[in-house]
Amino acid sequence: MVKKMMYNWKYWWRSLHNHNYFIIKLGVSVLLVGLAFRILYTRSTGFSPISDNPFLENAQISPPPVLPLISQENTDGFPPEEDAGKCNVFIGDWIPYQGEPIYTNESCGFIEDHQNCMKNGRPDTGYLHWRWNPHGCKLARFDPDRFLESMRNKSWALIGDSISRNHIQSLLCILSATEKAVEVYHDEGYKSRRWIFPTYNFTISVIWSPLLAKASIFEDMNGVSTSEIELHLDIIDMNWTKQFQSLDYMIISSGKWFVKNAIYYENSKILGCHNCPKRNFTELGFNFAYRKVLHNVFDYITRSNHKGMIFFRTSTPDHFENGEWFSGGSCRRTVPAKEGDFGLSDVNKVLREVELEEFEKASAKASQNGVNLKLFDVSPLSLLRPDGHPGPYRFFQPFAKDKNAKVINDCLHWCLPGPIDSWNDLLMDMVFNN
């Protein structure tokens, strides 16, 4: 299945490369990706203000290899349904659901303000009443009692950027329907944190590592950069590797931060950069760096002899329409999209190509070495939920004083409760049924 996704991707890449306007097209699309806006955390929700500004500027990509021509269909790299296998939980559609969410903004104190759509005044609630329905599969709803009981004396970690943080808040809210988590650790910036469920001696952490490799990041609390990221492509980030062997389960992800301006190092020497026109460095492209880092991350994992379960989560799409965050882009839809309504942006396609190709190679090595590595491919189902983002309701009551106020929209992160809660249904299925 993953291999077929690779082939569809490779055709897209070659087809697009054959057009003279490719670089212009990609450059314009990247400027409109708009993945950046600062994410502030407040103590009222238990999260301190921290910076997370994945601003994509002038993204460059390294030249693609010569690849064989194949079918032009399915250019987003998603597996055709007939090839997805009898029970691929990531292929399906969203169906109406009349039940209520397991939690609300009133019952859960782990929701960060910018994703607290109910509190912030979002008027519609229809986005809460859909469930992911895999084709040919029965997907049970997440059962916090069963999950916690099975995780006695175990440890989990979600490793990555602000989407991992968004996800762990969802998971904490659902699990707290059974027992409220108690925080036992946070770093100075409240970026990496750990909680315990005392009755079960179950710990769950979020580990901040947006690039998965050693990096110096020069951003203030507002996400404003004073210099390019200094990224060491050949050194895995110790922030997560030092905890790796002590974890029973983990979800690793990255992607968006690689499109930021960066200088790349290898063997402590400058190798090149991404979008550094004022410097006399070789432009290598963000996909070059992402592929290098993922290769090294997967090599570390497959050689680790780890005896737990490791998920690699694919990057998630945004849903800006009619512009981007800086140009009036918004996400005003109130129902899920139909298949074909949205396609991945050019940048997200490149990220996905790298992820799937590197995972395919790593998966074979992991299997040979007895390492339990799984693909947590939330991209297809997430692409169909343009209605699930905070939009203007990342701010509290944004139209209270002026119904026509111009407000920056968040069309990348997810409302809580919201569609991201369904990721936990998929996670439980993969843990218990695979």
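Me: What makes the pair formed by the side chain of N88 and the backbone nitrogen of F90 a polar contact?
Reply: In this predicted model, a polar atom of the N88 side chain lies 3.0 Å from the backbone nitrogen of F90. The limit for such a pair is 3.5 Å, so the 3.0 Å pair is within it.

Me: Where is N88, and why is N88 called buried?
Reply: N88 sits in the loop between helix 2 (22–31) and strand 1 (92–96). Its relative accessibility is 8%. Buried means under 20%, so N88 counts as buried.

Me: Why is K365 called partly exposed?
Reply: K365 has a relative accessible area of 39%. Buried would need a value under 20% and exposed a value over 50%; 39% falls in between, so K365 is partly exposed. K365 lies in helix 7. In sequence, K365 and F298 are 67 residues apart, while their C-alpha atoms are 9.1 Å apart in space.

Me: How do you know that helix 4 and helix 9 are roughly perpendicular?
Reply: Two packed helices are described by the angle and the distance between their axes. For helix 4 (residues 162–175) and helix 9 (residues 422–433), the axes come within 9 Å and cross at roughly 80°. Roughly perpendicular covers 65 to 115 degrees, and the pair is therefore placed in that class.

Me: Which residues make up the contact between helix 4 and helix 9?
Reply: From helix 4 come I163, H167, S170, L171 and I174, and they meet W423, N424 and L427 of helix 9. Five of the contact residues are nonpolar, three are polar and none is charged.

Me: What makes strand 4 and strand 13 edge strands?
Reply: They belong to an open sheet of seven strands in the order 4-5-6-3-9-12-13, with mixed pairing. Strand 4 (182–186) and strand 13 (372–376) each have a single partner strand, so one side of each has no neighbour in the sheet. On average, neighbouring strands of this sheet are turned by 20° against each other, direction ignored.

Me: How do you know that strand 5 and strand 6 are paired?
Reply: Pairing requires at least two bridges. Strand 5 (residues 193–197) and strand 6 (residues 202–208) have five, in the antiparallel sense, so they count as paired. F197 stands opposite F202 of strand 6.

Me: Which helices pack on this sheet?
Reply: Among them is helix 4, which lies across strand 3 (155–160), strand 5, strand 6, strand 9 (249–252), strand 12 (309–313) and strand 13, running at about 160° to strand 6. Helix 7 (residues 346–369) touches strand 12 and strand 13, and its direction makes about 155° with that of strand 13.

Me: What makes strand 7 and strand 11 edge strands?
Reply: Four strands form an open sheet of mixed pairing in the order 7-8-10-11. Strand 7 (213–216) and strand 11 (269–274) each pair on one side only. The twist from one strand to the next averages 25°.

Me: Why do strand 10 and strand 11 count as paired?
Reply: Strand 10 (residues 262–266) and strand 11 share five antiparallel bridges; the requirement is at least two, so the pair qualifies. A262 has H274 in strand 11 as its bridge partner. Helix 6 (residues 286–302) packs on this sheet and touches strand 7, strand 8 (229–236), strand 10 and strand 11.

Methods: Residues numbered from 1 in each chain as written. Predicted model: local features only at pLDDT ≥ 70, side-chain atom pairs only at ≥ 80, totals over all residues. Heavy atoms only, no water. Helix = DSSP H or I, 4+ residues; strand = E, 2+ residues; numbered from the N terminus. Buried < 20%, exposed > 50% of the residue type's maximum accessible area, 1.4 Å probe, protein only. Polar contact = N/O pair within 3.5 Å; in protein donor to acceptor, adjacent residues only side chain to side chain. Axes fitted to C-alpha atoms, helices over the stretch in contact; angles between N-to-C directions. Parallel < 35°, antiparallel > 145°, perpendicular 65-115°, else oblique. Contact = heavy atoms within 4.5 Å. Nonpolar A, V, L, I, M, F, W, Y, C, P; charged D, E, K, R; others polar.
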